[in-house]
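Visitor: Let us walk through this model by question and answer. Please show the chain.

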Amino acid sequence: MIGDRTPRLLLLAVALGIAVAGIMLSVFYGQYQWLARQLVETSAAEYDEVVRGSFERSARSQLHVAADRLGEAVKNDQGKGVLLELNAVLVENENLTGVRYSSRDGQTYSAGSYPKAFEVSDVTWLEERLLISYPVRAGEIEVGLLFGAFDLADLYGDFARFAAELTSTEVASRRVSYLWAAVGTLAALLLCGGVVWMLVRSQTKRIRQLKVQAEKLRDADFGEPMLLSRHDELGDLAAVFNDMRNRLRKTTHSRDYVDSILSGMNEAIIVTGNDGRITRINKATTHLLGYDESELLNMSVDHIVNTSDGRSLADDSPSGLPKEAIFESKFGESIPVSYTCSVVEDPPGTPARRIYAAQNITERRRAEKRIRYLARIDPLTKIPNRMQFQHLLQRGIARSRRAGKSLCLFYIDIDYFKEINDTFGHLAGDTTLETVAERLTAALPKNSIIGRLAGDEFAVIVEESSANEKGIVETSELAQKLLNRLADPFFVQGNEVFMTASMGLAYYPKDAPNVIDLIRNADAALYHAKRSGGNVYSYYAPAMNEASVERLMTKSKLKRAFERDELLVHYQPKYNLETGEVFGAEALVRWDMPERGLILPSDFIPIAEDSNLIIEIGEWVLDKVCEDFRLWQRTVSSPGRVSVNLSLKQLRQLNFVSRISSIMRGHEVSPTSLELEITETTLMENPERTIRTLDQLYGLGLNLAIDDFGTGYSSLSALQQFPISTLKIDRSFVRNIVSNPDDAIIVDTIIQMGRNLNMDVVAEGVEDEAQLIFLQKLGCTYVQGLLFGDPMSSDNYLELLLAQADGTDTHRALFA
């Protein structure tokens with residue numbers, strides 16, 4: 001359409017240009033005619049004036065010369081001479097047609113043709129002649145006037161020639177002007193045409209841009225906005241287009257943004273009409289159901305829902321609360337979903353639409369099922385956990401109450417499970433727990449219930465177990481059967497492991513009327529069994545609760561005792577068997593409880609181990625030993641080597657080595673004066689880490705000893721890896737060394753091994769002279785025990801050192 005308009009616009013522009021050019025030529029021609037006439041007239045008048053003036057000056061000059069010559073003739077008073085001179089003047093000047101001389105005395109002389117009646121005073125222009133007068137002087141005296149008549153024929157001839165030339169020049173100039181006017185008109189026409197063409201082209205281009213922009217808007221291609229080059233109507237139209245483009249882009253972007261959000265959502269979005277037919281879905285819906293989008297569109301929403309429960313999704317009332325339903329996929333798979341339904345607010349009179357947002361909850365249901373399972377079942381042993389077991393025990397008690405019968409609760413704990421776990425690793429510990437659960441399940445009666453309460457603690461409910469004599473016998477047989485089955489060795493990672501357990505038994509309703517008390521009392525019986533050495537069972541007795549309460553009270557008082565400085569450090573001397581001299585001492589902590597007196601370490605150290613107070617107590621003991629040692633050094637030169645017991649929890653501290661070094665530096669005590677005693681169990685807890693720590697301690701100059709050697713699990717190959725300098729034989733081997741050949745062989749073996757490894761050997765628990773003599777025969781290096789008195793205070797130990805220096809030591813005679 002725009003191309004059809006272009007020729008018409010060009011024709012209109014050409015016609016307009018021709019009209020303008022005609023008007024311009026008419027105006028130019030009229031102006032030129034008037035200017036030409038003015039120019040010719042002005043030029044002719046100016047030329048006439050110029051030529052006349054020139055001719056007049058020439059004539060006057062000629063007459064001036066003639067007057068001078070005539071004056072000479074008059075001066076000589078020659079009448080004939082005047083006439084001759086006049087004729088000569090007439091002959092010499094071609095334009096001069098006649099002369100007349102009038103003297104002062106009235107005489108007149110003439111030559112040629114001079115008008116008779118004309119005597120002018122200066123200049124007179126006649127039609128054919130120019131009359132000029134000039135005074136004649138004879139010397140300084142004016143003697144008369146000379147009149148000359150000059151012919152104007154040549155003057156008029158020159159003027160005619162000039163007029164002809166002027167006319168010819170005017171005609172030529174007119175032609176040139178016409179040519180320039182034509183060229184200028186053509187140039188103006190071209191310029192106007194060019195301008196009009198450029199305007200038309202510019203407008204056409206802008207119209208085309210508007211057309212392209214409209215086509216882009218039609219195709220939802222917004223591109224870049226149009227440039228507003230002019231503030232005309234097309235510019236206003238372009239501004240309208242830009243505004244429309246921006247609004248459409250915002251609207252389209254909002255729509256595209258919503259589409260992208262719907263496409264990117266993990267939830268299945270289903271939009272239905274008022275009739276329940278699907279009008280729109282997102283990608284998540286196709287992924288969830290397996291249908292293509294085209295298959296779902298215009299399908300009833302109930303087609304994809306399992307409506308076996310009689311509920312229609314299309315008739316479901318909108319609610320912000322999530323509901324659950326079962327979707328049926330294209331392949332017949334049932335998919336549990338959680339969905340919400342909302343109504344789209346459309347303009348009045350438009351059928352309402354609904355939006356369903358559904359989420360696959362298959363994994364959630366699996367997780368919920370798993371959580372419910374884990375909430376009741378121990379994941380390792382696959383038996384009820386503590387919470388579920390208590391629930392089952394509550395139900396068992398309810399059944400027994402209704403039936404008027406009893407039930408028995410077995411509380412089982414694995415002996416030294418921590419040592420198995422620490423020695424062979426956590427995987428071995430898990431295998432041990434699984435083995436316990438399997439063996440208990442296999443050995444228990446059919447209706448019994450087994451559960452894992454915590455760590456290595458298990459419990460068993462045996463219903464219809466009477467608390468009478470016969471029932472107790474049957475229960476005891478079952479308990480012993482379980483202990484025997486648990487004691488069977490088993491293999492873990494190629495290692496044969498021996499395991500024992502302890503049991504505490506309590507009856508309902510004899511020992512407790514409810515779940516909490518029954519479990520607590522069975523636990524008290526278990527604690528009593530473990531205190532008895534383990535691998536036994538024990539029935540609950542009321543006194544056991546008193547022991548448990550006492551243990552709890554002791555734990556509470558121990559914390560306050562440490563704060564109140566009720567702990568003491570006593571020293572048990574160590575003697576050299578060869579010389580009988582005091583070689584050193586072992587530092588032993590005591591608790592001076594105000595209401596009970598002195599309490600031995602065996603009664604409170606285990607409690608301190610459980611409550612982590614052992615770390616504070618251990619550092620306090622070391623600090624106290626260094627303080628006492630510094631005091632002894634001020635009195636005696638060599639107080640000997642003092643041993644301090646080291647706990648496993650102390651050794652696990654990251655800053656343990658630096659703490660010990662700091663304490664020794666604070667008291668200026670040499671590390672070589674101290675010895676740290678470590679049990680075999682502590683050494684083997686984590687051999688690699690322990691070796692690194694002991695190497696650091698050994699690097700400080702500290703001596704290291706293995707305490708209670710022979711009671712743990714260390715091997716000779718492991719023993720060689722540790723920087724140990726002393727072995728301490730446990731008192732359990734020394735107690736019957738004289739009467740028991742086995743103990744004697746064990747002690748002798750340890751002594752020989754220590755000697756071969758260049759280690760000192762200390763025998764603990766020496767209580768009589770027979771043991772002392774026997775150890776001397778075996779070649780033991782050092783001894784300590786009650787034979788040399790009870791552990792003593794720091795002051796008493798200093799007195800012992802002084803007595804030894806003076807030779808008044810009462811125990812020296814034992815070594816003679």
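Visitor: Which residues does Leu-393 touch, leaving out those up to four places away in sequence?
Guide: This is a predicted model, so local features need pLDDT of at least 70, side-chain atom pairs count only at pLDDT 80 or more, and totals for chains, interfaces and linings use all residues. Residues are numbered from 1 along each chain as its sequence is written, and side-chain values use heavy atoms, without hydrogens and water. Contact means heavy atoms within 4.5 Å. On that basis Leu-393 touches Leu-407, Leu-409, Ile-461, Val-515, Leu-518 and Ile-519.

Visitor: Is Leu-393 buried or exposed?
Guide: Leu-393 is found in helix H8 (residues 386–403); helices are DSSP runs of H or I, at least four residues, and strands are runs of E, at least two, numbered from the N terminus. Buried means under 20% relative accessible area, exposed over 50%, partly exposed in between (1.4 Å probe, protein chains only). Leu-393 has 0% relative accessibility, so it counts as buried.

Visitor: Which residues touch the most other members of the largest nonpolar core?
Guide: A nonpolar core is a set of buried Ala, Val, Leu, Ile, Met, Phe, Trp, Tyr and Cys residues joined through side-chain atoms within 4.5 Å. The largest has 79 residues, and the most other members are touched by Leu-775 and Val-783.
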